[in-house]
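These are my notebook entries on the structure shown below. I record what I looked up, in the order in which I looked.

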Amino acid sequence: MTHVVAVSARWHTELLGEFYCLACGGDRNYRRQRGRNWLRVAGIPLLPLRRTAATLQCTSCRARYGMDALAHPTSSLLLAMLRNAHHAIALAVLAASGGQDAAPGVRDAAVTALRGAGYTDLDAPKLLAELAVAGSDDGDPDSADGADGADVGIDICGCGAALLVELHTAIEPLAPHLLGPGLTRLLTQGALIALADGPYRPAERSVLRVVGQCLGLGREETDATLAAAARTPRS
Ligand SMILES: [Zn+2]
């Protein structure tokens, strides 16, 4: 006769939600549960023991995780963050490339990149409208009169303060969840937009260096990625 006396947990569900299940390898529903261990004799719970810490259980595969499983974003959240990062980078590079007066090639390269990133109904007028809105948040009195689009938000960071903040908020939370090739791919995407009208301008280079910094890349790796992008033949 084995296991006549045993300790096992009884769980109760506190909350339902969605998370990334490592065992399933995808987005799944979880139940957050708390439990208490019971001393069982012949399967009958007789004596309550210690409470257990809260856990998450995948409703599909029933794998159980600690609460830290929530630190891993769901695939759909990751995708949204990635799109957002592409958007922030394209706008910042476009601003550094001259904003409303950027060369048509740069504008089109930004539109193409963003369509590829999931903004399928984007076109050049919409992109320029978004840039005007983003640039007007700088609180710069000169940027409100619209007399000269080229000077809107251009400063030492290359793209204006509002777009700079957007770069940090869009990229930094994403970066820890990307591997090396994913990081350089984002930077390269921005570089190819800047290169659409010729070699990097100083403002474009400084924006792209901020992108590299937000991605957690060192200055040397950033510059090497930018140099590699400049050597890539473009159609
Ligand atoms: Zn699962």
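Entry 1. I looked up Val7 and found a relative accessible area of 51%. I class Val7 as exposed, because the cut-off for that label is over 50%. I note that the model is a predicted one. I located Val7 in strand β1, which covers residues 5-21.

Entry 2. I then asked which residues form a nonpolar patch on the surface together with Val7. I found Ile44, Leu46, Leu47 and Leu49. The patch, Val7 included, has about 450 Å² of accessible area. I traced its largest share, four residues, to strand β3, residues 44-58.

Entry 3. I turned to the zinc ion and listed its donors: the SG atoms of Cys21, Cys24, Cys58 and Cys61. Along the chain, the donors follow the spacing C-x2-C-x33-C-x2-C.

I noted that Cys24 sits in the loop between β1 and β2 (26-41), whereas Cys58 belongs to strand β3; the pair therefore ties together parts that are 34 residues apart in sequence.

Entry 4. Why is the arrangement around the zinc ion tetrahedral? I checked the angles subtended by the four donor atoms and found 104 to 115 degrees. The label applies because all angles must lie between 85 and 135 degrees.

Entry 5. Cys24 is partly exposed, at a relative accessible area of 27%. For Cys58 I found 0%, and I record Cys58 as buried, because that class is set at under 20%.

How values were computed: Residues numbered from 1 in each chain as written. Predicted model: local features only at pLDDT ≥ 70, side-chain atom pairs only at ≥ 80, totals over all residues. Heavy atoms only, no water. Patch = residues over 30% accessible without salt bridge, like charges linked within 9 Å, V, L, I, M, F, W, Y side chains within 5 Å. Areas by Shrake-Rupley, 256 points an atom, 1.4 Å probe, with all protein chains shown as cover. Salt bridge = Lys/Arg side-chain N within 4 Å of Asp/Glu carboxyl O. Helix = DSSP H or I, 4+ residues; strand = E, 2+ residues; numbered from the N terminus. Buried < 20%, exposed > 50% of the residue type's maximum accessible area, 1.4 Å probe, protein only. Donors = N, O, S within 2.8 Å, 3.2 Å for Na, K, Ca; no water. Tetrahedral: all angles 85-135°; square planar, octahedral: opposite > 155°, others 65-115°.
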